[in-house]
Amino acid sequence: MIRFLAILSGVLLVTSVTLMTPWAGIPAAALVVAGWWFRLPAVGAVLLAVGVLAAADTGVLAAAAAGLVATTYLLNTATVAAPVGVVPTTVPSVTGAVAFSAVAVGAALLPLRLAWVPIAAPILVTLLYALVIQGVAIKRVRNTDTAQSNP
């Protein structure tokens with residue numbers, strides 16, 4: 001199933017790149033096919049898709065769709081040679097990818113033009129990162145009683 005999803009998402013990635021810029025379809029296809037066996041060409045295929053997105057100046061929905069396809073492609077090609085039991089496309093990974101894409105599309109389509117947002121965005125991202133790490137990190141409680149009893 002993972003091999004099937006890797007091939008399907010690779011074909012969709014090549015299709016999306018070809019629809020945006022037809023001449024980039026051939027290198028994308030070569031990188032995607034090589035990416036089914038090696039990880040580095042898979043990353044190259046996604047970077048090519050990002051470059052095509054930037055050069056073609058596509059719309060927000062096309063960029064979100066290409067991003068979802070690229071995420072699926074990288075998740076599945078990275079685990080083709082993984083041990084049995086490794087499943088890359090789980091409900092949390094798919095939900096996270098779709099939710100973040102929806103939030104990004106909503107933010108890009110919002111007609112607000114606030115001058116202070118570029119200043120506030122890095123601060124907000126840093127705070128959110130700190131909150132996530134705080135929840136994930138293992139808290140070590142220092143036991144002062146045992147430290148004092150062992151001189």
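**Entry 1: overall make-up**

I began by counting secondary structure elements in this predicted model, and the protein chain has seven helices and zero strands. Reading along the sequence, I noted the pattern α-α-α-α-α-α-α for the protein chain. I then looked up how much of the chain is covered, and of its 151 residues, 22% count as buried. The accessible surface of the protein chain comes to about 10600 Å², and carbon and sulfur atoms hold 76% of that surface.

**Entry 2: helix H1**

I checked the length of helix H1, which runs over residues 2–20. Its 19 residues should span 27 Å at 1.5 Å a residue, and since the end C-alpha atoms are 27 Å apart, the two values agree. Which residues of H1 are buried? I listed Ala6, Ser9, Gly10, Leu13, Val14, Ser16, Val17 and Met20. These residues cover an arc of only 160° around the axis, so they lie on the same side of H1. I also looked for what covers the buried residues of H1, and the elements include helix H2 (25–35), helix H3 (39–56) and helix H4 (60–78).

**Entry 3: helix H4**

I repeated the length check on H4, which has 19 residues and reaches 27 Å from its first C-alpha to its last, close to the 27 Å expected at 1.5 Å a residue. The buried residues that I found in H4 are Ala64, Ala66, Val69, Ala70, Tyr73, Asn76 and Thr77. What covers the buried residues of H4? I noted that the cover includes H1, H2, H3 and H5.

Is Ser101 buried or exposed? With a relative accessible area of 17%, Ser101 is buried, because the cut-off for buried is under 20%. Leaving out residues up to four places away in sequence, I found that Ser101 touches Ala64 and Leu68; Ala64 is itself one of the buried residues of H4.

Phe100 is also found in helix H5, but I have to record that Phe100 counts as exposed, at 66% relative accessibility. I looked up its distance to Leu68, which is 32 residues apart from Phe100 along the chain, and the C-alpha atoms of the two are separated by 9.7 Å.

The place of Gly106 is in helix H5 as well, and with a relative accessible area of 32%, Gly106 is partly exposed. The C-alpha atoms of Gly106 and Leu61 are separated by 10.0 Å, although the two residues are 45 residues apart along the chain.

**Entry 4: a nonpolar patch on the surface**

Finally I looked at the surface, where Leu110, Leu112, Leu114, Trp116 and Val117 form a nonpolar patch. Together these residues have about 490 Å² of accessible area. Where is Leu114 found? I placed Leu114 in the loop between helix H5 (91–109) and helix H6 (117–136). At 38% relative accessibility, Leu114 counts as partly exposed, since this value falls between the 20% limit for buried and the 50% limit for exposed.

Terms used. Residues numbered from 1 in each chain as written. Predicted model: local features only at pLDDT ≥ 70, side-chain atom pairs only at ≥ 80, totals over all residues. Heavy atoms only, no water. Patch = residues over 30% accessible without salt bridge, like charges linked within 9 Å, V, L, I, M, F, W, Y side chains within 5 Å. Areas by Shrake-Rupley, 256 points an atom, 1.4 Å probe, with all protein chains shown as cover. Salt bridge = Lys/Arg side-chain N within 4 Å of Asp/Glu carboxyl O. Helix = DSSP H or I, 4+ residues; strand = E, 2+ residues; numbered from the N terminus. Buried < 20%, exposed > 50% of the residue type's maximum accessible area, 1.4 Å probe, protein only. Contact = heavy atoms within 4.5 Å. Expected span 1.5 Å × (residues − 1). Arc of directions from axis to C-beta.
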